[in-house]
Amino acid sequence: MKHDHWTGGCPDPAEAACAQDLRVVYRPPFARPKIALVSASLRLKRGVSLGVVGPNGAGKTTLLRVLAGLIRPDRGEARVLGLDPVVHRPALMRRVGVLLSGARHFPDRWNVGDALRFVAAMHGVPPRRVGELMEAFGLAGKEKDPLSALSLGNRQRLNLAVVFLHDPELILLDEPTLALDAQTVEAFTHFLRERLDQGMSAVITSHDHAVLGKLVDDALLLDQGITRVPRGPVADYARVALVTDRPVAFALPAEVRAEGNRLELPNDPRLVVQLLDRLDLEGIRVMEMHTKTGVEVLARARTGGDS
Amino acid sequence: MNALVRAAWVKVRADLAEQLRYPVQFVFGWFTTGAVLWGLGLAAARTSGTEAGVGALATYVAMGAVSLFYLIPRLLAGGKDHPPEEAMLYPHPLARMVAVLASVNAAQIAVGLVGVYFLAALTVTRHAPALGVVLGGMALALLGAAGAGFLLFALKLVFRKVDGLAVLVQLGFFAAAFTPGLRPDWIAAVPVAGAVRWLREPAISPLPVLLFGLLWVFAGILAVARAERAVVARGVAGYE
């Protein structure tokens, strides 16, 4: 994703999604209005996946709701696949898959096959697609399982399968990996990557930033209803963290941050190798070493970047 | 539209399959419904001074209509009280979707209750009731109740919790349909009561009841469409 076009309107109908300076106020009847978005903007090219990170109540789900046409913003403009999401919501829903608050609800008395066949019928999708999706999401053999008896993980697999049933051009996923085990997350990452390679686009929110980092190409931060765009590609924010057996006494390169026996540096292989060589030379052992995705670092920074 | 009808059919099959998983409950549920409604119908006939068979039929028809009224606000929520926004994630205008699914539900109710009434009437009276009257009464009652149900669906979309009102309206339907001596000229305009009156006095033209039923449906569909716009403007589609 380029970083040179986060301002201006939504003139490009070829973009997968565009939101410009959105302000959203919830106005429930007989309750005080609540401002959910103050100024939110995003632009998403086709075939790209964008992560939206931020603390609880930052407005992530609201932003997805606007893109799904469920809320008309008070101010600003939104375009999804070239359409006004509020005006053209039914038409858009043929082309967009949506998961809000990590769940889809079906009658508990139904079984897995019923739920998938119902959604497939709603979208005019041939029933054979149901079998394909069940296979892809590890639900094969569970067609007759009642929803009330499904584990949380299997329920989430079903929720995800539902989103992809009609082969959407764009997916809006809010907390897609809730309750999924590591193996399923891995399989889902692979599945999503394949779709992205085929041209699908995605906007994804998640509090599991490590997983989100694997799912998305880029990210933006949403804090108190305001989007903040990273200063560069989110991959540049990726870090390697080390814990050594004792504090480092020698002069470190400027990019390396040290705090006691903890070191953190950009995920630049040359820099990492250079540091490891030096540690080896000094006889310092590395006790722990792990990577942090750019999304994780960006989410932790919260207020970093430009608004 | 075809997609919606297919989806509604999937829903019918899923619901039926679930009921058939528990065959004893399924059979005796209908048996109990039939017996209870027949008994209530006899009681209603005695208090309102109508013929016993008509009283029983009126009870079946009223129960079918009130059931539809109760079900419509729950059509797209799986019976649970979660926000309506999920229903708006399908590629159909909400009002059309509700109308089609409600129609299929109405047909389901009609088939079930008319079937049970037929069997009950055969068992008790030893002769088959006039199918035209039974189906006509049921259709008229379901039409008015559907319109009122759509209005309730619209209110539920915006205000979320409307169960108290729903119960009151259901009681009102029964009261208007079965209160003895309540025979104002405008009864044809009242959902359920208009149909029950026609069952009692089939010589009267059913046309006014039909027209008012269609009017209720039209008003209800308009209300759903208006409510859909309201929840999007207020941002309360996902409001708990």
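## Domain arrangement in chain A

In this predicted model, the C-alpha centres of domain 1 and domain 2 of chain A are 35 Å apart. The domain assignment places domain 1 at residues 17-232 and domain 2 at residues 235-301.

Contact between these domains involves 12 residues from domain 1 of chain A and eight residues from domain 2 of chain A. On the domain 1 side, at least two residues each come from β3 (49-53), α7 (209-215) and β8 (218-223) of chain A. The largest share of that side, five residues, belongs to α7(A). Classified by residue type, the side of domain 1 of chain A that touches domain 2 of chain A holds seven nonpolar, four polar and one charged residues.

## Overall fold of chain A

Chain A contains nine helices and 13 strands. Its radius of gyration is 22 Å, close to the 19 Å given by the globule rule for 307 residues, so chain A is as compact as a globular protein of that length. The C-alpha trace of chain A spans about 65 × 50 × 40 Å along its principal axes.

Of the 307 residues in chain A, 43% count as buried. Among contacts in chain A with a separation of 6 or more, 72% join residues 24 or more positions apart.

## Interface between chains A and B

The contact between the chains draws 31 residues from chain A and 29 residues from chain B. On the chain A side, the elements giving two or more residues are β1 (17-26), α2 (89-93) and α3 (112-122) of chain A. Of these, α3(A) gives the most, with five residues. By class, the side of chain A that touches chain B has 19 nonpolar, three polar and nine charged residues.

Definitions and conventions. Residues are numbered from 1 along each chain as its sequence is written. Chains are lettered from A and ligands numbered from 1 in the order in which they are written. This is a predicted model: local features need pLDDT of at least 70, side-chain atom pairs count only at pLDDT 80 or more; totals for chains, interfaces and linings use all residues. Two residues are in contact if their C-beta atoms, placed from the backbone, lie within 7 Å. Helices (H or I, at least four residues) and strands (E, at least two) are DSSP runs, numbered from the N terminus. Ala, Val, Leu, Ile, Met, Phe, Trp, Tyr, Cys and Pro count as nonpolar, Asp, Glu, Lys and Arg as charged, and the others, Gly among them, as polar. The radius of gyration is taken over C-alpha atoms; the globule rule is 2.2 Å times the number of residues to the power 0.38. A residue is buried if 20 or more other C-beta atoms lie within 10 Å of its own, exposed if 12 or fewer, and partly exposed in between; C-beta atoms are placed from the backbone. Domain bounds come from an automatic or database domain assignment.
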